[in-house]
Amino acid sequence: MERTQNKKILITGGTRGIGKACVEEFLLNNNEVIYTGTAQKKSGENFMVADFSTLDGINEFCSKVRKLNIDILINNAGINFPKPFLKEDTEDILKSYYVNLLAPVLLVKTVLPSMIKNNWGKIINIGSILGASGKKDRASYSMTKSGLEAFTRSIAIEYSKYGINSLCVAPGYIDTDLTRRNLNESERKLIEGSIPIGRFGTPLELAKIIYSFTHDSFNYLSGNTITIDGGISILI
Ligand code: NDP
């Protein structure tokens, strides 16, 4: 199987869940991986603190990334705090927007110039099945994930010709802190019953697919959203 090796990869939100599994998968394959989390860690040159919940936090991080010459960007960090829309205040909506959409957008703007210079780059934005469908209490989350899909299409149109493949990966239900916090046991059972594969996905399953999309054997793929959801979104 073709491998992605000796690349410099930036993975946002790499401390837990899907992002952490991606960090491990890329490291396993001899890549240089830089990953982020919101809290300072004790060691590790490849870890960077990043808090995308404010514009200052995003800009500060982008200014550090500018000189890194990133080959592969995985925009994974994301938040989802379910609330009825009328209970979401402007702060909540802005926070979703900053973390889930504005940070990925500004990071892409930051890494594109060196990718263009290298005539090679891979950008994977982690969306959600809620980018194309809806769920109660997820108005701002859904809005940001839908925006990320539209953004992925737009950059693919402009920059694919420079050897840069942009993709949006839209997971369904994956077993992470995020889903464990947002769904109680009976909600989880109900959802599992309607997933054709019959269970939530694992972060490792996602990471292996995300990793493979960075192989050059996938070079004819750009701008699309790839849904990875055990089949739940094929149901009416
Ligand atoms: P987790 O909650 O397990 O991990 C989230 C990651 O994002 C952590 O590394 C966290 O860092 C980081 N993060 C949280 N808040 C911020 C912030 N303000 N600024 C910067 N980074 C932050 O999430 P998942 O692994 O479940 O989700 C990863 C991505 O996949 C998200 O974009 C999510 O929307 C998407 N997704 C997940 C699905 C699922 O079923 N799990 C389904 C569909 C999409 P720290 O550890 O410091 O808090």
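Leu55, Ile58, Asn59, Phe61, Cys62 and Val65 of helix α2 are in contact (heavy atoms within 4.5 Å) with Tyr98, Leu102, Ala103, Leu106, Leu107, Thr110 and Val111 of helix α3. By class, this contact has eleven nonpolar, two polar and no charged residues; Ala, Val, Leu, Ile, Met, Phe, Trp, Tyr, Cys and Pro count as nonpolar, Asp, Glu, Lys and Arg as charged, and the others, Gly among them, as polar.

The model is predicted: local features need pLDDT of at least 70 and side-chain atom pairs pLDDT 80 or more, whereas totals for chains, interfaces and linings use all residues. Residues are numbered from 1 along each chain as its sequence is written, and side-chain values use heavy atoms, without hydrogens and water.

Helices (H or I, at least four residues) and strands (E, at least two) are DSSP runs, numbered from the N terminus. Helices α2 and α3 pack with the following geometry.

| Item | Value |
|---|---|
| α2 | residues 55-65 |
| α3 | residues 90-118 |
| Angle of α2 and α3 | about 25 degrees |
| Axes of α2 and α3 | 10 Å apart |

Axes are lines fitted to C-alpha atoms over the stretch in contact, and angles run from 0 to 180 degrees between N-to-C directions. The angle therefore makes α2 roughly parallel to α3 (under 35 degrees).

The structure also holds one cavity of 30 Å³ or more, a set of points on a 1 Å grid where a 1.4 Å probe fits but cannot get out. Lining residues, with an atom within 4 Å of a point, are Lys122, Ile123, Ile124, Asn165, Leu167 and Phe213. Strand β5 gives the largest share of this lining, three residues.

Methods:
On a 1 Å grid over the protein atoms alone, a cavity is a set of points where a 1.4 Å probe fits but cannot get out, and a pocket is an open set with protein on both sides within 12 Å along at least five of seven lines; lining residues have an atom within 4 Å of a point. Grid points are joined across faces, edges and corners, and a volume is the space filled by probe spheres set on the points. Angles under 35 degrees count as roughly parallel, over 145 as roughly antiparallel, 65 to 115 as roughly perpendicular and the rest as oblique.
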